[in-house]
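Please read them with the structure open.

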Amino acid sequence: MFNYLRKRFSSHIRERSRRRARLVSKDGRCNIEFGNVGQPRFVFLIDIWTTILDLRWRYKMTIFISAFLGSWFLFGLLWYVVAYIHQDLPEFNPSINHTPCVDNINGLTSAFLFSLETQVTIGYGFRCVTEQCATAIFLLIFQSILGVIINSFMCGAILAKISRSKNRAKTITFSKNAVISKRGGKLCLLIRVANLRKSLLIGSHIYGKLLKTTITPEGETIILDQVNIEFIVDAGNENLFFISPLTIYHIIDKNSPFFHMAAETILQQDFELVVFLDGTVEATSATCQVRTSYIPEEVLWGYRFAPIVSKTKEGKYRVDFQNFSKTVAVETPHCAFCLYTEKEAKAKEKKGYDNPGFVLAEAGETSDTKM
């Protein structure tokens, strides 16, 4: 029992370490950090729009609330200073004929309320600016303009955050595992992808990158070396009719990095297959990219995907997502090299070769036969 628990614990630790080493998570997030960046931090404020959009919702809402509360309180202090300088406050005991800059500002609280009413254009009519002093009129104009700018920027940032095509990518899903089996007489790596919405992705394109550590002939070690992986769809790689789940496949030929892998050794390999799907959202015309990745433990050799599309009696097509990631074991060569070697051997058996130097000699009768 103790040995069993120890094995389970060690396998769990190994699995966690492999998950930590994954560059791209299953939901497409990139696991990478930048250290010792030469550029100072304030360069991100130059492109403040992108910086705000990339923030998490909790930080964005904190900035949203702080921007409005801060501007209201700041201008509330300025209105209080204007009333204090003009001696409009009750502690100065203004005369009956005294005309204040702003009516009914009696303290800091009323100044804050007037600032709030001015910036959000509520205008209750109880507090208002008079024509007595130009400072109050200028401050009113300045706060109104600045309030429109803050309101436009923050509301636009939230609207842009909600409508980002990144959220559309969450309704594109890939199969949990990739499989390797024969397809059309060739050994292929297959992945299933589905669009969970009825709206299409226009101009979709699917491709992949194999990330691994390689050592060059000069002895240089390249971590996260990228190798292009070409995926094929029977319907064509460009302008996919992405209304139903599609099975994309990569042919494992002599030019494929999977050619020298076998069913017995694939789990010992150290690679990460990252799959990308680029397309244009039909509703907003914004481009989006969906990403996922597969490590050796998620590549099943000798399996194919279960059928997922059927036709009902009413003539409708039904997609059963219960079988989306379900796999079925099939007979598959244990390596691509063996499959192509077997094909070449069978092709040579069907061919015949003539030797032009070969002469057939007929056996003649001999007369020196002894009785």
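**Notes on the model**

1. Start with a loop residue. Threonine 121 lies in the loop between α5 and α6. At 67% relative accessibility, threonine 121 counts as exposed (buried means under 20% relative accessible area, exposed over 50%, partly exposed in between, with a 1.4 Å probe and protein chains only). Its phi is near 55°, a positive value in a residue other than glycine. Most residues other than glycine have a negative phi.

2. A word on the basis of these notes. The model is predicted, so local features need pLDDT of at least 70, side-chain atom pairs count only at pLDDT 80 or more, and totals for chains, interfaces and linings use all residues. Residues are numbered from 1 along each chain as its sequence is written, and side-chain values use heavy atoms, with hydrogens and water left out.

3. Asparagine 104 also has a positive phi, near 65°, and is a residue other than glycine. Asparagine 104 sits in the loop between α4 and α5 (108-119). Its relative accessibility is 31%, so asparagine 104 counts as partly exposed.

4. Now the whole chain. The chain holds 8 helices and 13 strands (DSSP runs numbered from the N terminus: helices are H or I with at least four residues, strands are E with at least two). Of its 371 residues, 33% count as buried. The chain exposes about 24,900 Å², and carbon and sulfur atoms supply 58% of that area (Shrake-Rupley method, 1.4 Å probe; for residues, only the protein chains shown count as cover). Take the contacts in the chain with a separation of 6 or more: residues 24 or more positions apart account for 65% of them. Contact means heavy atoms within 4.5 Å.

5. How do α4 and α6 pack? Two packed helices are described by the angle between their axes and the distance between the axes. The axes of α4 (residues 57-85) and α6 (residues 134-162) come within 11 Å and cross at roughly 175°. Axes are lines fitted to C-alpha atoms, for helices over the stretch in contact, and angles run from 0 to 180 degrees between N-to-C directions. The two helices, α4 and α6, are therefore roughly antiparallel to each other (under 35 degrees counts as roughly parallel, over 145 as roughly antiparallel, 65 to 115 as roughly perpendicular, the rest as oblique). The residues of this contact divide into 21 nonpolar, 4 polar and 2 charged (nonpolar: Ala, Val, Leu, Ile, Met, Phe, Trp, Tyr, Cys and Pro; charged: Asp, Glu, Lys and Arg; polar: the others, Gly among them).

6. Valine 129 is worth a look. Valine 129 is in the loop between α5 and α6. At 23% relative accessibility, valine 129 counts as partly exposed. Leaving aside neighbours within four places in sequence, valine 129 contacts Trp79, Cys101, Val102, Phe114, Ala136, Ile137 and Leu140.

7. Which residues touch the most other members of the largest nonpolar core? In this core of 36 residues, they are Leu189, Ile191, Val193, Phe231, Phe258, Leu273 and Val275. Strand β7 (residues 271-281) gives the most to this core, with 5 residues. A second, separate core of 13 residues includes Phe75, Val102, Ile105 and Ala136. A nonpolar core is a set of buried Ala, Val, Leu, Ile, Met, Phe, Trp, Tyr and Cys residues joined through side-chain atoms within 4.5 Å.

8. Valine 179 is in strand β2 (residues 178-183). Its relative accessibility is 1%, so valine 179 counts as buried. Valine 179 contacts residues including Cys188, Leu300, Tyr303 and Thr327. Threonine 214 is in strand β4 (residues 201-215). Threonine 214 is buried, with a relative accessible area of 18%. Leaving aside neighbours within four places in sequence, threonine 214 contacts Glu220, Thr221, Ile222 and Asp225.

9. Last, aspartate 270. Aspartate 270 is found in the loop between β6 (246-251) and β7. Is aspartate 270 buried or exposed? Aspartate 270 is exposed, with a relative accessible area of 57%. The C-alpha atoms of aspartate 270 and proline 296 are separated by 7.2 Å, though the two are 26 residues apart along the chain.
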